[in-house]
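The exercises below concern one protein chain. Work each task from the sequence and coordinates before reading its solution.

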Amino acid sequence: MDAWDDGPFDDSAALMHRYDRSMKAAGTFSVKSFAPTELVPDPPVTTGLPVGVATMEKQFEGEVVGLSATLFTFAFDQATGIGTYLAMESFEGSVQGRQGAFNFVHSATTSGTDRTDEYFLIVPSSGTAELAGISGAGGMAIDTDGTHRIWFDYELG
C-alpha cells in the first residue's frame, strides 16, 4: 500500500489535478505609443546593427484586458527588417476577469520576413491582487492583416 491509497483519490487523479491548474488566456493588443529614448550604450560600441531603447504603451482586449508600460531594447536595421528585441512589460488589468498587475518578458529575432528564437515568460513573484502568484509563459504573433495577438499559459497560486 502506498501513500496514495490512504486518500480519496488515486495517483492518476492527483497527476491530472496538477495539469488541470494550467490556464490559457488570449487577447489582442494595439501599440498606443512607441517613443525612442536618448539612452545609448556607454561606452559606445559600433556594431553591424544600431542599438536602441524605447518605451511603449499597449492596450489589450479579449481575455486579457488592460494596459502595459514597456521597456523595449533592440538591435535592429529598419531598412532590412533584421534584428532582435528584448522587452520587459508591466501589465495592469485583468486576465480572464482576475484583476491585478504583473511583469512579463519577451524577445524574438527577425530576418525581415519571419519571427524566430522567441522567448516569453511571466516574471515569478511579480503578480498583485487577484493575479498574485501568477507564473507561466505565453507568446505573441502578428497576423497577416496586422492584428497583434498575445496569449498566456499560466497558473495561479
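**Exercise 1. Determine how many helices and strands the chain has, and in what order they run.**

Solution. Step 1: assign elements as DSSP runs, numbered from the N terminus, with helices (H or I) of at least four residues and strands (E) of at least two. The chain then has 1 helix and 8 strands. Step 2: read them from the N terminus, which gives α-β-β-β-β-β-β-β-β.

Step 1: note the conditions. This is a predicted model, in which local features need pLDDT of at least 70, side-chain atom pairs count only at pLDDT 80 or more, and totals for chains, interfaces and linings use all residues. Residues are numbered from 1 along each chain as its sequence is written, and side-chain values use heavy atoms, with hydrogens and water left out.

**Exercise 2. Find where pLDDT stays under 50.**

Solution. Step 1: pLDDT is the predictor's confidence in each residue, from 0 to 100; its mean over the chain is 88, and 87% of the residues reach 70 or more. Step 2: the stretch under 50 is residues 1-19. Step 3: count contacts (heavy atoms within 4.5 Å) beyond four places in sequence; the model has 6 for this stretch.

**Exercise 3. Classify the ring pairs Phe 102 with Phe 104 and Phe 120 with Phe 152.**

Solution. Step 1: rings of Phe, Tyr and Trp (its six-membered ring) pair if their centres lie within 6.5 Å; planes under 30 degrees apart are stacked, over 60 edge-to-face, and the rest tilted. Phe 120 lies in strand β6 (residues 116-122) and Phe 152 in strand β8 (residues 148-155), so the pair ties together parts 32 residues apart in sequence.

Step 2: check burial, where buried means under 20% relative accessible area, exposed over 50%, and partly exposed in between (1.4 Å probe, protein chains only). Phe 102 has 2% and Phe 104 has 0%, so both are buried. Phe 120 and Phe 152 are buried too.

**Exercise 4. Identify which residues of the largest nonpolar core touch the most other members.**

Solution. Step 1: a nonpolar core is a set of buried Ala, Val, Leu, Ile, Met, Phe, Trp, Tyr and Cys residues joined through side-chain atoms within 4.5 Å. Step 2: the largest has 23 residues, and Phe 102, Phe 104, Ile 150, Phe 152 and Tyr 154 touch the most other members. Step 3: β1, β2, β3, β4, β5, β6 and β8 each give two or more residues, with the largest share, 4 residues, from β4.

**Exercise 5. Decide whether Thr 70 and Pro 50 are buried or exposed, and list what each touches.**

Solution. Step 1: Thr 70, in strand β3, has a relative accessible area of 3% and is buried. Its side chain makes a polar contact of 3.2 Å with that of Glu 89. A polar contact is a pair of N or O atoms within 3.5 Å; within protein, one must be able to donate a hydrogen and the other to accept it, and residues adjacent in sequence count only if both atoms are side-chain atoms. Beyond four places in sequence, the residues touching Thr 70 include Ala 54, Met 56 and Met 88. Step 2: Pro 50, in the loop between β1 and β2, is exposed at 51%. Pro 50 touches Phe 74, Ala 75 and Phe 76, leaving out residues up to four places away in sequence.
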